[in-house]
Amino acid sequence: MKKYIAQFPSLMESQGEKKEYRPNYFEGVLQLRNPTDEVFNMIQNQLAHDEKAYISKEVYYKNGVDMFFSSNRFLLKLGRKLKQSYKGKLLVTRRIFTTDKMTSKFVYRVTVLFSLEPKRIDEE
């Protein structure tokens, strides 16, 4: 898939300064396909309410954007809220990233794919 110059609004500038901001750190990826401005506004509002979650990176594609989030827990909540608020498909996957040194438990990276259904001409 080719990467494109931003045609969607960037949410990284609007999130302000968060505590412990590390630019390359992420726990999960939100993959938005066919997003609208309403979806970006909802994500921005949810980010404003959470102190620890931030977007560390955005990658733009022809039909969507990938956002790298600092919190898996926030990302899973956001995916559920997107599914409840908009018509679309939600797919949540996870993969083992590493093992916690103290507890010997697996640490996962989560990918949340939300594909918004395109609007029909007769719906407008």
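**Basis.** I am working on a predicted model, in which local features need pLDDT of at least 70 and side-chain atom pairs count only at pLDDT 80 or more, while totals for chains, interfaces and linings use all residues. Residues are numbered from 1 along each chain as its sequence is written, and side-chain values use heavy atoms, with hydrogens and water left out.

**Asn72.** I placed Asn72 in helix α2 (residues 72-85); helices (H or I, at least four residues) and strands (E, at least two) are DSSP runs, numbered from the N terminus. Leaving aside residues up to four places away in sequence, I found that Asn72 touches Glu27, Gly28, Tyr108 and Val110, contact meaning heavy atoms within 4.5 Å. I also noted that Asn72 and Leu30, 42 residues apart in sequence, are 10.0 Å apart in space, C-alpha to C-alpha.

**Aromatic pairs.** I counted 3 aromatic pairs, under the rule that rings of Phe, Tyr and Trp (its six-membered ring) pair if their centres lie within 6.5 Å, with planes under 30 degrees apart counting as stacked, over 60 as edge-to-face and the rest as tilted. One of them joins Phe26 and Phe68 edge-to-face, at 4.8 Å centre to centre and 85° between the planes. Phe26 lies in the segment before β1 (28-33) and Phe68 in strand β3 (residues 64-69), so this pair ties together parts that are 42 residues apart in sequence. Phe26 counts as buried at 18% relative accessibility, and Phe68 counts as buried at 13%. I then turned to Phe106 and Tyr108, whose ring centres are 6.5 Å apart with the planes at 70°, so that pair is edge-to-face. Tyr108 is partly exposed, at a relative accessible area of 27%.

**Charges over rings.** I found Arg109 over the face of Phe26, at 3.8 Å from the ring centre, and the charged end of Lys57 over the ring of Phe68, 5.2 Å from its centre. The criterion is NZ of Lys or CZ of Arg within 6 Å of the ring centre and within 35 degrees of the ring normal.

**Salt bridge.** My search of the whole structure gave 1 salt bridge, that is, a side-chain nitrogen of Lys or Arg within 4 Å of a carboxyl oxygen of Asp or Glu. The side chains of Arg33 and Asp66 meet in a salt bridge at 2.9 Å, N to O. Arg33 lies in strand β1 and Asp66 in strand β3, so the pair ties together parts that are 33 residues apart in sequence. I recorded both Arg33 and Asp66 as buried.

Key. Buried < 20%, exposed > 50% of the residue type's maximum accessible area, 1.4 Å probe, protein only.
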